[in-house]
Amino acid sequence: MEGDVPDHSTFSKNRHGRFRDSDLLRRLFETTVERCMAEGLVGGEGFAVDASLVRADANRQTGGPGSEGLPPDVENRAVREYLATLDDAAFDAATPVVPKFLAPADPASRWTCAHGGQAYYAYSTNYLIALDHAVIMDVEASTAIRQAEVTACKRMIARVQDRFGVWPERLAADTGYGSAEMLAWLVHERDIHPHIPVFDKSTRHDGAFGRDDFSYDIDRDVYTCPAGQELRRYWQEGRAAKEQSPIDGLYRYHARKTARDGCNLRPRCCPKSPYRKILRSVHEGARDLARDIAKTDAYVTSRRERKKVEMLFAHLKRILKLDRLRLRGPNGAKDEFLLAATAQNLRKMAKLIPLPTQPLPA
């Protein structure tokens with residue numbers, strides 16, 4: 001304790017070398033999770049997931065159009081890390097859309113204006129928490145788009161199950177995680193009840209019948225319209241035997257031409273198209289389960305408890321002052337997010353675990 005403070009380069013060299021090669025910071029974070037589990041702070045019944053944007057250390061005025069790529073003379077650690085993550089589903093491979101602007105100082109950061117106001121370069125920090133005491137079970141850095149955040153959620157759930165053997169019964173999240181593919185992954189592959197609003201664009205605002213006005217018979221695989229006519233995928237014999245999975249993951253149901261031509265409700269059914277089609281996802285079973293869960297009291301409780309993860313983000317930015325990254329590149333973002341989550345778990349333990357009683361002197 002009385003020795004000289006090491007030179008600042010000692011910390012940076014160790015961080016770029018031994019710390020990352022040995023995955024030391026993640027091991028440190030997981031140690032806090034194990035301690036929280038040993039102290040009974042993690043029940044494992046309910047989890048919540050969310051993501052929050054954190055500004056990157058990149059000047060918004062120095063970037064160029066993403067379609068032009070990086071300048072040929074740019075060479076730094078952040079660029080090398082960016083090139084290494086081009087095929088990573090949590091970063092550049094999350095979407096084929098070319099970013100509007102690219103920052104030479106930190107090209108892995110994403111140009112976004114999701115919060116309104118001026119756009120800026122940012123990363124997303126993703127938290128998976130246990131709802132009992134808001135202990136952070138896992139943290140993942142990703143690019144600042146929704147597809148990457150969903151990928152990060154899957155990684156965190158799988159990693160928590162592999163590292164700690166914790167299998168949550170339910171997962172609370174917002175509508176951004178309510179896609180058909182994500183719900184099917186939770187229900188069929190992980191056996192987790194999704195307490196998540198279903199992402200659905202079938203609501204009509206032109207006065208026409210909505211999809212909810214068509215009843216579905218799961219045994220016969222048939223929809224029935226308000227006029228009592230059936231809608232099927234195929235009306236010709238033998239077509240069902242040759243059926244292949246749709247490329248876009250959506251089945252299409254329609255009525256016979258003779259039935260729809262003479263229908264009195266046609267103006268309210270398909271006012272802007274020659275006939276009405278009902279689209280049904282190949283993962284509709286998982287979507288129906290999520291809709292049924294949304295009608296329960298447990299869902300209301302999960303929606304209220306989900307705010308705990310948002311409170312952790314507020315604490316991260318307002319108390320720990322991590323509203324802007326100090327390090328650049330995907331690895332820099334991972335290091336800062338891991339250390340911040342470690343600090344939050346340590347503060348949680350200091351608050352909830354009682355201190356040992358000291359014996360009084362004789």
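This is a predicted model: local features need pLDDT of at least 70, side-chain atom pairs count only at pLDDT 80 or more; totals for chains, interfaces and linings use all residues.
1. Is the crossing of H2 and H11 left-handed or right-handed? It is left-handed. Helix H2 covers residues 24-38 and helix H11 covers residues 329-352. Their axes come within 9 Å and cross at roughly 25°. Angles under 35 degrees count as roughly parallel, and H2 and H11 are therefore roughly parallel to each other.

2. The contacts between these two helices can be listed by residue. On the H2 side they involve Leu25, Arg26, Leu28, Phe29, Thr32, Val33, Arg35 and Cys36. These meet Asp335, Leu338, Leu339, Ala341, Thr342, Asn345, Leu346 and Met349 of H11.

3. Next, helix H8, residues 284-293. Which of its residues are buried? They are Glu284, Ala286, Arg287, Ala290 and Ile293.

4. How many aromatic pairs does a search of the whole structure find? It finds seven. One of them joins Phe101 and Trp111. This pair is edge-to-face, with 4.9 Å centre to centre and 70° between the planes. Phe101 belongs to strand S3 (residues 101-102) and Trp111 to strand S4 (residues 110-112), so the pair ties together parts that are 10 residues apart in sequence.

5. Phe101 has 27% relative accessibility and counts as partly exposed. Trp111, at 18%, counts as buried, because buried means under 20%. Ring pairs also bring in Tyr121, which forms a cluster with Phe101 and Trp111.

6. Tyr216 and Tyr223 form another ring pair. Their centres are 4.7 Å apart and their planes stand at 45°, so the pair is tilted. Tyr216 is partly exposed, at 26% relative accessibility. Tyr223 is buried, with a relative accessible area of 2%.

7. Tyr216 has a charged neighbour too. Arg280 lies over the face of Tyr216, 3.7 Å from the ring centre. Thus Tyr216 pairs with the ring of Tyr223 and has Arg280 over its face.

8. What sits over the ring of Tyr120? The charged end of Arg55 does, 3.9 Å from the ring centre.

Notes: Residues are numbered from 1 along each chain as its sequence is written. Side-chain values use heavy atoms; hydrogens and water are left out. Buried means under 20% relative accessible area, exposed over 50%, partly exposed in between (1.4 Å probe, protein chains only). Helices (H or I, at least four residues) and strands (E, at least two) are DSSP runs, numbered from the N terminus. Rings of Phe, Tyr and Trp (its six-membered ring) pair if their centres lie within 6.5 Å; planes under 30 degrees apart count as stacked, over 60 as edge-to-face and the rest as tilted. A charge sits over a ring if NZ of Lys or CZ of Arg is within 6 Å of the ring centre and within 35 degrees of the ring normal. Axes are lines fitted to C-alpha atoms, for helices over the stretch in contact, and angles run from 0 to 180 degrees between N-to-C directions. Angles under 35 degrees count as roughly parallel, over 145 as roughly antiparallel, 65 to 115 as roughly perpendicular and the rest as oblique. A crossing is left-handed if the near helix is turned anticlockwise from the far one by less than a right angle, and right-handed if clockwise. Contact means heavy atoms within 4.5 Å.
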